[in-house]
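Open the model in your viewer and keep the selection tool at hand.

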Amino acid sequence: MRKSQPRALAIVSCFLALFLIISSLPINNNKAYAANPLYGVALKAPTNVHTSTSKSSNVLKGYAQGSILKFNSHNAEWYSAVVYLNGKAQNGYIHKSDVDVATQNQTQVKGVALQSPTRVYKSASTSSGAWKSYSVGSILVYRTFSADWYEATVYVNGSPKTGYIHKSHVENVVTSQESLKGVALQNPTRVYTNASTGSTALKAYSGGSILSYRTFSTNWYEATVYVSGKPRTGYIHKSHVENAVKSPDNLKGIGLQNPTAVYAQASTGAKKLKTYAQGTVLNYQTFSSQWYQAKVYISGKPTTGYIHTSHVEGLLNTSNSLNGAALKSPTNVYSRASKNANVLRGYPKGSFLIFKSFSPNWYEATVYINGKRTSGYIHRNDVSQERIISTTTSYPTNFKTVVDIQMTKDPKADGAGNVLASRAQVEYYVNSSNFSKSSSDYFQFLVLSEPARLNANEVNNKILNKHGILTGKAKSFIEAGEKFNINEAYLISHALLETGNGSSTLASGVPVDSKGNVVDANKAVYTVYNMYGIGAVDSNALKGGAKRAFDEGWFTPEDAIVGGAAFINSYIDRGQDTLYKMRWNPISPGFPQYATDVAWAVKQTANISKIYNLLDNYVLIYDIPRYANQPASSGDPNATVPDKKPETNTGFPSGVYGITNTSGTLNLRQGSNTSTSIVASIPGGSKLEIISEANGQTVNNTATWYQVKYSGKTGWVHSSYVDLLNLLEVTATSVNVRDGAGTSFKSVGSVTSRNLISAQLDAKNNLITKTANGHVWYQINFNNNQAWVSGGKNGTEYIKIR
């Protein structure tokens, strides 16, 4: 074993020497050599191999930038390499920042040449020589190599050469291609031999052609075309086509063009496969941003065509039931969603319509043609969902002039015409700006010359039910409204007022003879009806109203409702078609006018408002008057003309009260006579604050009136209807006022003859008294404090109870 040891060492030495020689064999003159090598690109110019792991150590050898080097890992910052100097192997070190390590597991990549030309370099440096160059758009095959470089094999004079392509000079294609379909945008749209618009075109397609292709790169698609019957691969620039949607949605829409065409290709210049009339509802699918795809039948065969998105209006996703007012006169329902289509039916302005949402500009409605249910279309601009149509009519007359004219017409503040109206009241009621849309008073501006289009069943059930002769007569009122263009809500309100809610004799039927004279029922030739009190003069309302009904031929309740509306229409036909116009006649202030009461128009609105509040289906049309220089607000409805004041007025001390002794209500008036206006009605037994007394109109043999305050209102009542509770009058020359009931209490003042004093009352409205020193004492109000005064031995010796 010992003898063989030198021999074994010699064999090992020889093996190691052979390994070093083999591992150090040169790849080329620009490469360093190493065992178990890594490959990388020299980044520096030059890239140095040092004698030790320090950049300050000697340089064994330097390599040009881009050289491909071979080395081994050494530590965190250095690689080790073997270089040859004068034919001898030397170990050296390369700093890791000086090389870019190549990938160890290369993958093949395909890409598009971006440079013109795109070069394959001999080393990984753009300053090195090029093995070969390719035109921009060429499709190249290469392998991954380093962070900035790809490795490629090219053939030079038939011999394979390894070269390098800078990554910024090519664009990689997608690794997993996807098949697409799209629209040709260019005219023509070309399929190129290379991914460059400067290359030769294999084939060209007209704008709008539907093309099939595959994803390829950021800016290019790949397509297969046939040239002379042979498949060829070509390239389409992405900006030259628009992709179709991947998952098309089924849609419906309205043709907007007249006609609306379905084209053979996605171009308005293409052949028209079929055309449809404007407003036709079409079926189609989403395709691209500018085009829909549709199927049409040509000679019975399904054919794919295309509709431009601007040529149709899509239907809404949901259809909601709606209602509203007709705005046009007439408002038409068309057979198609086009104003060029046939009109199925027209409705007057203000009609209440029921419809459904359909498209952004059209509603769908159902009408009956010859008894058949038919779908039609109403333009959105022709109806309003608000159901309230308001217009303002301007009049040239100055507002102040209007009031001046009205003041010359003896305006009244009451319906009986007994109380003069003040200028402030006229200013209030003449000014339309004083009335809010939310108040019932606004109905004075309701246009009565347009039917309200009320629903007969709704009116019968909610308004006329249990209203005597008018029960169930809604159809007649609606017929009258349509026949004479009168708001039937106003007719109903008028009839309810005149007939006492359908119970009057004139409304219920009056027996008359052959000449229209009122007779007993057993002698009647006819029965006549009068629903609006026409001809019923105050002197003999029954006789006059019956004779007028006979002369007009109103022999049924329906005749009276419809026929009477004709008479009312004669007034509305003059243009005074609102309650406001009837009262104030803004087109010609002062004449003709139908009432003197300044509040007449407003007073009529309550019943009309009640009718509309009970209804669900109606339309309101308002006409609001506006005069020149009309203020935003004016006047005061409560500012009545002051009544003549009493000549003598005796003021009472504060805290005097009385109780009304009437069995019914007592009128609180503006002045001390019964011709003055009524401020309020006071129930019998009410407690009043008595302010003063004065002489006025003699009633019940006395002219004394009390000025009183009741429920916040001040006015006058006659003294005979009020019992005073606590008014004392001093009859003695002078009486001391003390702070307690008795002469031992301190005197706080005195009262003298004819002084009036208010006494204190208990909870039952009785005077508070005490007996002391043989006198009856009264608790009184004195200088805003409670005090006591003696009435003498029997309480009336010094004091008189009024």
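Is E729 buried or exposed? At 15% relative accessibility, E729 counts as buried. Buried means under 20% relative accessible area, exposed over 50%, and partly exposed in between (1.4 Å probe, protein chains only).

Before moving on, note that this is a predicted model: local features need pLDDT of at least 70, side-chain atom pairs count only at pLDDT 80 or more, and totals for chains, interfaces and linings use all residues. Residues are numbered from 1 along each chain as its sequence is written, and side-chain values use heavy atoms, with hydrogens and water left out.

**Stop 1: R802 and its partners**

Select R802 with E729. Their side chains meet in a salt bridge (3.4 Å, N to O). This pair links distant parts of the chain, 73 residues apart: R802 sits in the segment after β55 (799-801), and E729 in strand β48 (residues 727-730). Strands (E, at least two residues) and helices (H or I, at least four) are DSSP runs, numbered from the N terminus. A salt bridge here is a side-chain nitrogen of Lys or Arg within 4 Å of a carboxyl oxygen of Asp or Glu. By this rule the count comes to 19 salt bridges. R802 is partly exposed, at 29% relative accessible area.

E693 belongs to strand β44 (residues 687-699). E693 is buried, with a relative accessible area of 16%.

**Stop 2**

Select D382 and K328. They form a salt bridge, with the closest N and O atoms 3.0 Å apart. D382 lies in the loop between β34 (372-379) and β35 (383-384), and K328 in the loop between β29 (321-326) and β30 (331-334), so the pair ties together parts that are 54 residues apart in sequence. D382 is buried at 3% relative accessibility, whereas K328 is partly exposed at 35%.

Go to R214 next. Its salt bridge partner is E222, the closest N and O atoms being 3.3 Å apart. R214 counts as partly exposed at 21%; E222 is buried at 8%.

Then pick K400, D404, R423 and E427 together. Salt bridges link them in a network.

**Stop 3: S359**

Select S359 in strand β32 (residues 352-359). S359 is buried, at 0% relative accessible area. A polar contact of 2.3 Å joins the side chains of S359 and E313. Leaving aside neighbours within four places in sequence, S359 is in contact (heavy atoms within 4.5 Å) with I254, E313, G314, L315, L316 and R380.

**Stop 4: nonpolar cores**

Which residues have the most contacts inside the largest nonpolar core? They are L454, L464, F477, I492, Y532 and Y612, in a core of 71 residues. Apart from it lies another core, of 15 residues, among them Y778, I780, F782 and V789. A nonpolar core is a set of buried Ala, Val, Leu, Ile, Met, Phe, Trp, Tyr and Cys residues joined through side-chain atoms within 4.5 Å.

Finish on Y532. Leaving aside neighbours within four places in sequence, its contacts include F477, L491, H494 and I568.

Key: Polar contact = N/O pair within 3.5 Å; in protein donor to acceptor, adjacent residues only side chain to side chain.
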